[in-house]
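Please read them with the coordinates open.

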Amino acid sequence: DPKPDAPAEYRGSFRPIKTKLPGVQLCELMPRHASVIDKTAIIRSINVGSSSHEVGMYICTTGKNRKGTPSTGSYVARIRSTAGVDLPPYVHLGFPQTANLVFEPNFKASYLGSAFDPFYIHDDPSGKKFRVPNLQLADGITIDRLGDRRSLLRGFDNARRSFGVSGAAESVDHFTRTAFEIVSGDKARQAFDLSRESEKTREHYGKHRWGQSCLLARRLVEAGVPFVTVNFDPHSYTFDMHGNVTNGMKSAGPRMDAAIPALIEDLYQRGLDKRVLLLVWGEFGRTPR
């Protein structure tokens with residue numbers, strides 16, 4: 001929100017530009033957003049009432065301002081996980097949770113049980129060494145041996161039920177069933193394989209973490225994953241600018257202006273806009289001052 005009528009020191013150093021929506025202006029660093037803004041609804045009235053990241057993130061991801069509430073993605077995973085286990089129901093693309101332990105629980109399942117925590121992808125999808133954890137068999141393990149291990153595991157079910165009171169058994173059962181289906185099938189590996197996209201498409205999204213994460217998110221929902229979070233890395237190209245908004249926007253703005261409009265265009269071109277809700281937000285903003 002460039003606030004063109006605000007005092008000069010709050011307007012910042014970038015000029016506002018017109019968009020496809022009459023009366024709506026954006027920052028000049030976001031011309032591609034301006035060209036697709038008619039396909040979106042902009043809400044500029046939300047105020048979480050706090051300048052704490054933790055409070056704002058909990059409100060964004062759970063609807064509550066306190067710890068211990070399951071994330072929206074975990075609710076979706078709990079409701080939709082029965083539809084099939086060949087793909088994880090809730091995928092989180094972003095920085096490792098160890099990078100910000102204080103923020104990490106707001107993406108998780110809390111009292112719904114760890115079976116409905118997100119499937120974390122911490123690697124950078126734009127990197128040459130991008131790797132999705134747990135989609136490869138361990139060295140020396142074949143599909144046949146995997147089946148033998150599954151049969152053996154069933155033999156321990158009764159003993160394992162002894163700790164079921166805490167809900168741990170249910171989570172283990174869910175993890176085990178999902179792991180076997182994902183590792184032994186092709187659907188997940190194909191969905192996560194960005195090499196199946198054309199170079200033109202990958203460049204349209206931007207050959208950086210934000211762009212390739214958004215492209216991967218489109219592939220995942222198209223394959224049937226009900227809920228995907230793309231959490232932009234807080235340690236690079238971040239919008240968390242405390243003092244140098246101008247340089248920060250010059251770095252972050254163009255990356256966002258590639259990733260988000262490309263995703264919006266792609267969803268419409270593929271007819272996914274009829275069944276996919278794209279929500280783009282941050283927990284609060286900072287003024288140039």
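The points below go from the whole chain to two residues.

1. Basis. This is a predicted model, where local features need pLDDT of at least 70, side-chain atom pairs count only at pLDDT 80 or more, and totals for chains, interfaces and linings use all residues. Residues are numbered from 1 along each chain as its sequence is written, and side-chain values use heavy atoms, with hydrogens and water left out.

2. Overall make-up. The protein has 11 helices and five strands. These are DSSP runs numbered from the N terminus: helices are H or I with at least four residues, strands E with at least two. Of its 289 residues, 38% count as buried (under 20% relative accessible area; exposed is over 50%, partly exposed in between; 1.4 Å probe, protein chains only).

3. Contacts and surface. Take contacts (heavy atoms within 4.5 Å) with a separation of 6 or more: 63% of them join residues 24 or more positions apart. The accessible surface is about 16300 Å², and carbon and sulfur atoms hold 52% of that. Areas come from the Shrake-Rupley method with a 1.4 Å probe; for residues, only the protein chains shown count as cover.

4. H208. Look in the loop between helix 9 (199-205) and helix 10 (209-223). H208 counts as buried because its relative accessible area is 15%. Beyond four places in sequence, H208 touches S126, R255 and A258.

5. R286. This residue lies in the segment after helix 11 (245-269). Is R286 buried or partly exposed? Partly exposed, because its relative accessible area is 33%. Setting aside neighbours within four places in sequence, R286 contacts H53, D240, M241 and H242.
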